Amino acid sequence: MPARKKKEKEQSISPVTGIKPYAAKKGEKYMNKKQQDHFRAVLNAWKSELEDEIARTVQQMRDVPENPPDPNDRASQETDMSLELRSRDRERKLIKKIDEAIERISTGDYGYCDTCGVEIGVERLEARPTAAAAHSTRRPGGYHSVIRPLGNRTSTSASNSRSA
């Protein structure tokens with residue numbers, strides 16, 4: 001029974017149905033050709049699913065009558081469409097991130113943190129294939145807060161911001 005639950009958990013991690021999570025072998029080089037091909041397939045399948053949803057929404061909007069006679073029906077229809085359009089807008093932004101991730105695969109930057117160059121990790125990429133930052137980078141007080149230089153800050157600018 002525990003093996004079954006583990007298998008179900010592995011399959012539910014991917015945002016795309018039908019593609020099994022990548023099983024990295026011991027000693028395998030990180031982001032090798034096989035891993036890149038796997039994540040390219042995941043990203044393309046996910047993009048295709050999102051584009052199908054967008055096409056379905058456009059078709060649905062064409063099929064809906066423009067002005068139902070009942071004001072309550074009209075309000076419900078407008079609310080439903082508003083929610084649907086908001087979801088599609090988020091998906092459109094996600095498609096842009098997917099395209100950027102596919103481009104990073106092509107340039108060899110995929111799987112590495114944009115900020116520090118650290119490996120993001122196969123497990124994190126399975127859960128979020130568009131990830132461009134290491135998990136520790138995203139947390140307050142994470143890796144970068146310790147090593148990132150202060151840059152052009154001076155003691156006077158720090159004191160000015162306190163007095164404001």
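The chain has seven helices and zero strands. Helices here are DSSP runs of H or I, at least four residues long, while strands are E runs of at least two, and the numbering starts at the N terminus. Along the sequence the pattern reads α-α-α-α-α-α-α.

Now, what we are looking at. This is a predicted model, where local features need pLDDT of at least 70 and side-chain atom pairs count only at pLDDT 80 or more, while totals for chains, interfaces and linings use all residues. Residues are numbered from 1 along each chain as its sequence is written, and side-chain values use heavy atoms, with hydrogens and water left out.

Next, confidence. pLDDT is the predictor's confidence in each residue, from 0 to 100. The chain averages 79, and 73% of the residues score at least 70. Over residues 4-11 the pLDDT is below 50, and this stretch has two contacts beyond near neighbours in sequence. A contact means heavy atoms within 4.5 Å. Residues 142-164 also stay under 50, with eight contacts beyond four places in sequence.

Some overall figures. The chain has 164 residues, and 27% of them count as buried. Buried means under 20% relative accessible area, exposed means over 50%, and partly exposed is in between, with a 1.4 Å probe and protein chains only. Take the contacts between residues at least 6 apart in sequence: 59% of them join residues at least 24 apart.

On to helix α3. How far apart are its end C-alpha atoms? They are 54 Å apart, which agrees with the 54 Å that its 37 residues should span at 1.5 Å a residue. The expected span is 1.5 Å times one less than the number of residues. Buried residues in α3 include Met-81, Leu-94, Ile-98 and Ile-105. What do the buried residues of α3 pack against? They pack against α2. An α-helix has 3.6 residues a turn, so residues three or four places apart point the same way. After α3 comes Gly-108, with a positive phi near 85°.

Now the aromatic rings. Rings of Phe, Tyr and Trp (its six-membered ring) pair if their centres lie within 6.5 Å; planes under 30 degrees apart are stacked, over 60 edge-to-face, and the rest tilted. That rule gives two aromatic pairs. One is Tyr-30 with Tyr-112, edge-to-face, at 5.3 Å centre to centre and 85° between the planes. Tyr-30 sits in the loop between α1 (2-13) and α2 (33-63), and Tyr-112 in the loop between α3 (71-107) and α4 (122-127), 82 residues apart. Tyr-30 is buried at 12% relative accessible area, whereas Tyr-112 is partly exposed at 25%.

The other pair is Phe-39 with Tyr-110, tilted, at 5.6 Å and 50°. Phe-39 lies in helix α2 and Tyr-110 in the loop between α3 and α4, so this pair ties together parts 71 residues apart in sequence. Phe-39 is buried, at 0%. Tyr-110 is buried as well, at 2%.

Last, the cysteines. How many disulfides are there? The count is zero. A disulfide needs a pair of cysteine sulfur atoms within 2.5 Å. Cys-113 is buried at 5% relative accessibility, while Cys-116 is partly exposed at 29%.
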